[in-house]
Amino acid sequence: MRIRSKSGRAGWQVKAAGRAGFRQRGTALLEILIAGGILSMCVISLYSAYSFGFGVMRLSQENVRADQILLQKMETLRVYPWSQTAPAGGIIPTNFPAQFTTSPTAGGVVYTGSIVVTDHPVGESYSNTLRQVTVNLSWTSGGVPRSRSMTTFISQNGIQNL
């Protein structure tokens, strides 16, 4: 639709105003599409950052719990008498389970552990009074098998020679 006025100059002004409004509306639509694309990219990256952060926190909690379990098992060795820490026939359990849950309804992570008591691996004169204890712990997190291990020596006389 063409708008004409009596003077040619006024007609041109009306036509120019009509075309500028059409171009203005087209630019606004393009700006909205670009802004929507940028917003969607920001939302996706923010969601990815949060999910990655929560995954790292969960893995960190599992690692800390594994260290706590290992330390707990090592500390219980302090109360066993020397005669009951023998590699064969001792009372130290060879396998044990442990669990870690963050909420009562969640399944959590199941840790599987083992304790291995062996004679001292070095042939020194005092080797018959030392035993090597290794505590192994393994679990699966996010489909990836993980493990931790801790080794120490226990002595027949302990820290103090009574």
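Tyrosine 111 touches Glu62, Arg65, Ala66, Ile69, Phe96, Pro97, Ala98, Gln99, Phe100, Leu137, Ser138 and Trp139, leaving out residues up to four places away in sequence. Touching, or contact, means heavy atoms within 4.5 Å. Before we go on, a word on what you're looking at: this is a predicted model, where local features need pLDDT of at least 70, side-chain atom pairs count only at pLDDT 80 or more, and totals for chains, interfaces and linings use all residues. Residues are numbered from 1 along each chain as its sequence is written, and side-chain values use heavy atoms, with hydrogens and water left out.

Back to tyrosine 111. You'll find it in strand E2 (residues 109–119); helices (H or I, at least four residues) and strands (E, at least two) are DSSP runs, numbered from the N terminus. Is tyrosine 111 buried or exposed? Its relative accessibility is 0%, so tyrosine 111 counts as buried. The cut-offs here are under 20% relative accessible area for buried, over 50% for exposed and partly exposed in between, with a 1.4 Å probe and protein chains only. Its side chain also reaches the backbone oxygen of glutamate 62 at 2.8 Å. And although tryptophan 139 is 28 residues apart from tyrosine 111 along the chain, their C-alpha atoms are separated by 4.8 Å.

Now step back to the whole protein.

Next, the strands. All four form an open sheet in the order E1-E2-E3-E4, with antiparallel pairing; two strands pair if DSSP finds at least two bridges between them. Which strands stand at the edges? They are E1 (95–100) and E4 (144–155), and each has a single partner strand, so one side of each is left without a neighbour in the sheet. From one strand to the next, the twist averages 20 degrees, using axes that are lines fitted to C-alpha atoms (for helices over the stretch in contact) and angles that run from 0 to 180 degrees between N-to-C directions.

You can walk across the sheet by its bridges. Six of them join E1 to E2, and here phenylalanine 100 has valine 109 in E2 as its bridge partner. Eight bridges then link E2 to E3, with threonine 112 partnered by serine 138 in E3.

While you're in E3, look at glutamine 132. At 17% relative accessibility, glutamine 132 counts as buried. Leaving aside neighbours within four places in sequence, its contacts include Val116, His120, Thr151 and Phe153.

Last stop: the aromatic rings. A search of the whole structure finds two aromatic pairs. In one of them, the ring centres of tyrosine 50 and phenylalanine 54 are 6.3 Å apart and the planes are at 25 degrees, so the pair is stacked. The rule is that rings of Phe, Tyr and Trp (its six-membered ring) pair if their centres lie within 6.5 Å; planes under 30 degrees apart count as stacked, over 60 as edge-to-face and the rest as tilted. Both residues lie in helix H1 (residues 8–76), four residues apart, about one turn of the helix. Tyrosine 50 and phenylalanine 54 are both exposed.

Note on methods: Polar contact = N/O pair within 3.5 Å; in protein donor to acceptor, adjacent residues only side chain to side chain.
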